Amino acid sequence: MLTLIIRRLLLAIPTILVLTVLLFFSVSTLLGTPSSMMLGEDASPQAIAELNALYGFDRPVTVQYVDWLHKALTGDLGRSFTTRDPVANSIASALPVTLELAFLAIGLAVLAAIVLNSLPSAQRIVRPLVVALNLAGIAMPNFVIGIVLIFVFSVNLGWLPSTGWVPWSAGIGTHLEHLILPVVTLSAYYFGAFSLVYRAELADAYTKLYIQTARAKGVSETGVAFRHALPNAVLPVITFAGLSMGQLVGGAVVTETVFSMPGIGRLFVGSIAGRDYPVMLAVGMLVVVGVVVMNLIADILYRVVNPQIRLG
Amino acid sequence: MNARISIAAGMAIVVSICICALLAPYLAPYVPTHSSIDFLKGPSATHWFGTDELGRDTLSRVIYGARTSLAVGAGAALVSVLIGAPAGLAAGYLGGLFDAVAVPVIDLFIALPGLVLALIITVMVGPSLLNLVLVLGFVMWPTVARLVRGQTLAVREMAFIEAAVAAGGSSTWIIRRHVWPNIMRIVAAQFSLTVSFAIITSASLSFLGLGIPPPTPDWGSMVRTGYDFIGVNPAMSFAPGVAIAVTVLGFYLMGNAIK
């Protein structure tokens with residue numbers, strides 16, 4: 001088991017390196033030097049050259065990459081071209097917002113999928129709901145779901161704030177109030193997807209003899225569902241959730257934009273609009289590393305929990 | 001859901017959208033890029049879905065938007081099949097070193113968030129209809145490749161492949177004559193699903209401001225602009241939003257049921 005983890009880790013490092021190289025080189029070669037963009041189209045070649053020298057853009061891309069990587073490993077991600085703030089600071093303040101949104105959304109989706117689909121007495125209502133929500137989650141892009149929710153719950157009913165984000169320090173109540181719509185928006189698709197997986201696993205679990213045994217010894221249907229069927233059906237949902245975290249980042253970018261949340265996604269979209277290289281690179285790399293690490297954790301966890309596939 | 005109903009519903013939607021796209025000049029009551037002084041009007045008899053901030057007829061723009069969405073969706077799906085199918089066939093049938101290299105690459109690309117990848121590439125190459133098709137096709141080919149590889153692995157074990165090998169057929173001939181016809185149906189289903197994903201992703205790109213440049217009617221950008229006026233004229237963002245959802249649903253139902 002330990003050798004497996006080590007082997008996976010050793011495989012993850014070159015993967016991350018290759019991806020960062022690809023990202024760095026494509027950004028630098030395709031976008032050209034940032035200086036011409038920073039100074040505008042009418043800038044004299046001399047001014048561009050000076051700025052290039054100042055930032056080190058006149059060096060070969062390989063040297064720039066090694067330099068960037070070296071600094072990045074020591075926590076120095078450069079400064080934003082537009083705000084002049086250190087990129088590491090912007091990321092440090094934006095990351096918690098995105099992580100909270102992402103984990104709450106995936107947690108809500110997993111919890112709702114498991115509980116709603118397990119309740120034996122509620123299935124007549126839950127089944128059509130799952131089908132409808134699943135199709136809605138697939139067909140509606142995140143921003144459409146978000147806008148519909150804002151229209152219903154903020155513009156019309158006035159129950160919840162439409163956009164914005166407030167820190168914990170402003171009070172837990174207001175903090176959570178601002179999070180409800182974004183979290184629901186982001187989790188809608190995953191609730192449907194997890195439900196389908198869980199229902200299939202549940203149907204399989206219900207054919208097993210231990211269910212019959214449990215019923216025979218007088219366990220209630222609810223007890224059978226939660227104590228006997230659930231533990232045997234929940235594992236694929238957890239793995240699927242882990243593997244979904246990467247794709248969820250894409251949804252988070254859109255959701256943060258709709259709800260004006262100061263997270264990684266909006267930082268990224270802003271950097272793209274402003275051609276802000278250091279921010280773009282840093283966030284791109286962060287996403288890449290995050291996805292590789294997430295998959296690694298999901299992979300290892302799955303093997304730990306399920307001894308049947310404990311190979312190699 | 002019943003597969004037959006699902007296919008019928010999906011096809012009905014897809015055919016209607018195609019008709020909208022083809023006959024847009026005859027169906028649309030107004031010129032989609034024509035502004036007027038009746039701006040931000042709610043739905044009425046003259047403008048069924050109201051007008052936007054420049055006084056353009058929302059219904060006409062939604063109808064014309066079908067052209068953009070279908071072009072991007074079908075184009076991107078085609079590109080992803082053109083890259084993904086040969087890669088999957090080669091990895092699955094030939095195996096060996098090619099497979100050993102292809103599988104990690106495919107897995108990695110599938111794990112990366114498609115939207116973020118598309119954002120980065122689009123900002124490098126610049127947004128235009130052709131670039132969008134190529135970028136989305138490139139982002140989505142690994143899904144096709146993984147599916148084709150899995151199917152190829154299954155077909156490769158069949159007796160008729162053994163017979164074809166025994167008859168002295170070359171790998172290319174066997175892939176073309178015996179493997180491909182057996183997986184074509186699945187690829188067609190995946191094509192339909194990819195169209196739906198491409199439409200969603202391109203709409204999201206437009207919403208983030210990196211879609212088809214204006215004034216071309218594009219559902220994603222229409223939702224974005226309408227969002228700013230949601231309190232004044234909700235139809236402005238709802239009409240294109242519903243159009244996206246219905247179109248995506250059509251392609252999804254069709255693809256999922258065939259699969």
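In the predicted model, buried residues, defined as those with 20 or more other C-beta atoms within 10 Å of their own, with C-beta atoms placed from the backbone, make up 32% of the 312 residues of chain A. For chain B, the buried residues amount to 50% of 259 residues. Local features were taken only at a pLDDT of at least 70 and side-chain atom pairs only at pLDDT 80 or more, whereas totals for chains, interfaces and linings use all residues. Residues are numbered from 1 along each chain as its sequence is written, and chains are lettered from A in the order in which they are written.

Chain A contains 13 helices and zero strands, where helices (H or I, at least four residues) and strands (E, at least two) are DSSP runs numbered from the N terminus. Its C-alpha trace spans about 85 × 55 × 35 Å along the principal axes. The pLDDT, which is the predictor's confidence in each residue on a scale from 0 to 100, averages 79 in chain A, with 90% of the residues scoring at least 70. Confidence in this chain is lowest in helix α2 (residues 34-39), at a mean of 61, and highest in helix α5 (residues 87-118), at 87. Where pLDDT is low, the predicted coordinates should not be read in detail.

The domain assignment of chain A, of the kind that comes from an automatic or database source, gives domain 1 (2-73) and domain 2 (88-305). The centres of these two domains, taken over C-alpha atoms, are separated by 33 Å, and 13 residues from domain 1 meet 13 residues from domain 2 in the contact. On the domain 1 side, the elements of chain A that give two or more residues are α1 (2-31) and α2, with α1(A) supplying the largest share, eleven residues. By class, this side has ten nonpolar, two polar and one charged residues, where Ala, Val, Leu, Ile, Met, Phe, Trp, Tyr, Cys and Pro count as nonpolar, Asp, Glu, Lys and Arg as charged, and the others, Gly among them, as polar.

In helix α10 (residues 221-233), V224(A), A225(A), A229(A) and A233(A) are buried, and the buried residues of α10(A) pack against α5, α8 (172-205) and α9 (209-216) of chain A. Helix α11 (residues 235-258) has 24 residues and reaches 33 Å from its first C-alpha to its last, close to the 34 Å expected at 1.5 Å a residue, a span calculated as 1.5 Å times one less than the number of residues. S260(A), which follows α11(A), has a positive phi, near 45°.

Chain B has ten helices and zero strands, and its C-alpha atoms fill a box of roughly 75 × 40 × 30 Å along the principal axes. The contact between the chains takes 31 residues from chain B and 33 residues from chain A. On the chain B side, α5(B) gives the most, with eight residues, and the residues of this side divide into 25 nonpolar, six polar and no charged.

Key
A residue is buried if 20 or more other C-beta atoms lie within 10 Å of its own, exposed if 12 or fewer, and partly exposed in between; C-beta atoms are placed from the backbone. Two residues are in contact if their C-beta atoms, placed from the backbone, lie within 7 Å.
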